[in-house]
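Q: Hi! Could you walk me through this one? I'd like to go from the overall picture down to the contacts.

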Amino acid sequence: MPEIHVENLVKEFGDQRALDDVSFEVREGELFTLLGPSGCGKSTTLMSIAGFQHPESGRIAVGDETFVDAARRIAVPAEQRNLGIVFQSYAVWPHMTVFENLAFPLKVRKLKRAAIRTRVREVLELVEMLQYEQRYPHQLSGGQQQRVALARALVYSPTILLLDEPFSNLDAKLRERARAWVKELQRTLGLTTIFVTHDQDEALSMSDRVAVMSAGEIQQIGTPEEIYRHPANRFVAEFVGRVNLIEGLVSANEGGGVLVDVTGSPLHLSVRDGAGASGSITIAVRPEAVTVLRLDDNSSNGTNTWEADVETVAFLGDHYEYEVNAGSVALTVQSSRRVEGDRIKVHIPPDACALVE
């Protein structure tokens, strides 16, 4: 049985439909990410699970307990859902010390003073903030405030952890460390977690599975590898990572794949994906999947090896990025080594091509 079950959620703000029949399941102990651009409905979905938004229709259940069932007029108040949530702004109380921030939700639950002190110190040690227990939020860095917010969400042993873009206020280096640390903590605790972000790197590096959202709808659910390598449609291909989109017409089916005539070009492309496809199609190819070769390199000749004119080359530390034109086809490609010359070859492996709608 899934830990979290979200079924056919619809949420409207005036005449705008923020959620349009959103459904998904989250497994026990899983870190499940809602990924998408601003306004796609990911935070509204999270707030509906938390109890801060009330959908017009649909159902939300955690374990055996139903939190929302619009058809049966069930709506459990947020304070009775026992969910831990960390907001984008952290929302730590500035007039309270770190210890007092964590103690407050336990006092509300009427725990005894000794039990509160024991539990607060346990969680502060877990997030490596025990030595800061008497400091106020303004005396802490952004990363430390984030840990306090996370500790406060964990202190009363919630059944589910909800994270609403918790790294957005951190600088790039601190974000990298924070997401690795939070993922390790989540695994250690075995806590079922829903994570909301617009950052594809966070989603790919942290998640067990990802739901990509756009305009209030889920476009695709899958593992990070599935989402990246086999995008379900053009939106997912373009939003998650960089991509080359090549238009073409299927000219033949061959060996479990298809042969494609590239639109507006004499070029052809053998595609391992898409057995049985016909008519006009769009092929997604990631820049790093393309092999860059010297013009006199004959190691990869054939249908998927094209000659191309180099427009620009940029050095990006661990790789070079090329903007090239193969006839009328503009491509962005990457290589770990510099290939000299104004004209080169590019090879697109058949299994690196994904058909998208």
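Predicted model: local features only at pLDDT ≥ 70, side-chain atom pairs only at ≥ 80, totals over all residues.

Q: Great. How many helices and strands are there in the protein chain?
A: The protein chain has eight helices and 21 strands.

Q: And what does the C-alpha trace span along its principal axes?
A: The span is about 75 × 50 × 35 Å.

Q: What share of the residues is buried?
A: Of the 357 residues in the protein chain, 51% are buried.

Q: Which way does strand 8 run relative to strand 7, parallel or antiparallel?
A: Parallel: four bridges join strand 8 to strand 7 (residues 83-86). In that pairing, I85 stands opposite L162 of strand 8.

Q: And how many bridges join strand 8 to strand 9?
A: Four, and strand 8 and strand 9 (residues 193-197) run parallel. There, L161 has T193 of strand 9 as its bridge partner.

Q: What unit do strand 8, helix 5 and strand 9 make?
A: Together, strand 8, helix 5 and strand 9 make a β-α-β unit that is right-handed.

Q: How many residues of strand 8 are buried?
A: Five of the five, so strand 8 is largely enclosed by the rest of the structure.

Q: Which residues sit on each side of strand 8?
A: On one side are I160, L162 and D164, and on the other L161 and L163. All of these are buried, which leaves both faces of strand 8 covered. As background, side chains in a regular strand alternate between the two faces of the sheet.

Q: Nice. Switching to helices: at what angle do helix 2 and helix 4 cross?
A: Helix 2 (residues 98-108) and helix 4 (residues 142-154) cross at roughly 25°, and their axes come within 8 Å. Angles under 35 degrees count as roughly parallel, and helix 2 and helix 4 are therefore roughly parallel to each other.

Q: What handedness does that crossing of helix 2 and helix 4 have?
A: Helix 2 passes helix 4 in a right-handed crossing.

Q: How far apart are the axes of helix 4 and helix 5?
A: Those axes are 11 Å apart, and helix 4 packs against helix 5 at an angle of about 20°. That makes helix 4 roughly parallel to helix 5. The crossing of helix 4 and helix 5 is right-handed.

Q: Now salt bridges. What's the count?
A: The count comes to 16 salt bridges.

Q: Pick one for me: what does K11 meet in a salt bridge?
A: The side chain of K11 meets that of E56, at 3.7 Å from N to O. This pair links distant parts of the chain, 45 residues apart: K11 lies in strand 1 (residues 4-13), and E56 in the loop between helix 1 (42-50) and strand 4 (57-62).

Q: Is K11 buried or exposed?
A: K11 counts as buried, because its relative accessibility is 8% and the cut-off for buried is under 20%. E56 is partly exposed, at 41% relative accessible area.

Q: What about E165, which residue is its salt-bridge partner?
A: E165 pairs with K42, the closest N and O atoms being 4.0 Å apart. This pair also links distant parts of the chain: E165 is in the loop between strand 8 (160-164) and helix 5 (172-189), while K42 is in helix 1, 123 residues apart. Both E165 and K42 are buried.

Q: Last one: what is the salt-bridge partner of R27?
A: R27 forms a salt bridge with E30, with the closest N and O atoms 3.8 Å apart. E30 is buried, at a relative accessible area of 5%.

How values were computed:
Residues numbered from 1 in each chain as written. Heavy atoms only, no water. Helix = DSSP H or I, 4+ residues; strand = E, 2+ residues; numbered from the N terminus. Buried < 20%, exposed > 50% of the residue type's maximum accessible area, 1.4 Å probe, protein only. Pairing = 2+ DSSP bridges. Right-handed = clockwise from strand over helix to strand, strands pointing away. Axes fitted to C-alpha atoms, helices over the stretch in contact; angles between N-to-C directions. Parallel < 35°, antiparallel > 145°, perpendicular 65-115°, else oblique. Left-handed = near helix turned anticlockwise from the far one by under 90°.
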